[in-house]
Amino acid sequence: MARSSSYNTRTRQLILDYLTENRRRAVSAADIVAHLEAAGERTNPTTVYRYLDKLAGEHRVMKYVAGKGERAVYQYADEQHHCHEHIHLKCVRCGEIFHMDCHFMDEVRRHLQDEHGFTLRCEGSILYGVCRKCAEKLRQEEEISE
């Protein structure tokens with residue numbers, strides 16, 4: 001039985017709302033399905049994946065895959081960030097994603113081109129580490145345990 005277009009529109013809007021509300025972090029399709037179910041929406045995970053792929057194709061979300069066999073995560077792409085022009089930094093503690101949208105990217109891009117003949121493509125790029133806030137929390141925890 002075919003689903004009504006209003007169902008798809010409502011589900012898509014709920015997915016987009018969830019992504020925009022969580023724009024500071026990457027979320028998985030499973031996170032979205034759980035959110036939809038908690039909101040009383042019945043949905044097929046395939047529908048969620050299909051819509052996320054559509055949004056990624058439109059550059060409205062960034063899709064990150066850490067490695068082979070890893071699940072993909074998605075982040076709403078704010079228009080002002082031009083996510084295809086810079087690298088992203090993800091905190092492994094809190095999950096927040098930061099846009100490395102600074103002059104350093106120009107230096108990196110120029111160095112790679114001039115010294116290595118390599119043109120950098122940043123779409124979906126992500127470096128993993130610990131953000132300033134989490135590093136401070138870790139430092140405080142270490143001080144307390146000493």
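**Reading strand β3**

Modeller: From strand β3 (residues 73-76), Val73 and Gln75 point one way, while Tyr74 and Tyr76 point the other way, and all are buried. Buried means under 20% relative accessible area, with a 1.4 Å probe and protein chains only. This is a predicted model, in which local features need pLDDT of at least 70, side-chain atom pairs count only at pLDDT 80 or more, and totals for chains, interfaces and linings use all residues. Residues are numbered from 1 along each chain as its sequence is written, and side-chain values use heavy atoms, leaving out hydrogens and water.

Biologist: Which strands pair with β3 in the antiparallel sense?

Modeller: Two strands pair if DSSP finds at least two bridges between them. Strand β1 (residues 27-28) is joined to β3 in the antiparallel sense over 2 bridges, with Ser28 having Val73 as its bridge partner. Strand β2 (residues 61-64) also pairs with β3 in the antiparallel sense, over 4 bridges, and there Lys63 stands opposite Tyr74.

Biologist: How many helices and strands does the protein have?

Modeller: Helices (H or I, at least four residues) and strands (E, at least two) are DSSP runs, numbered from the N terminus. The protein has 5 helices and 6 strands, in the order α-β-α-α-β-β-β-β-α-β-α from the N terminus on.

How values were computed. Buried < 20%, exposed > 50% of the residue type's maximum accessible area, 1.4 Å probe, protein only.
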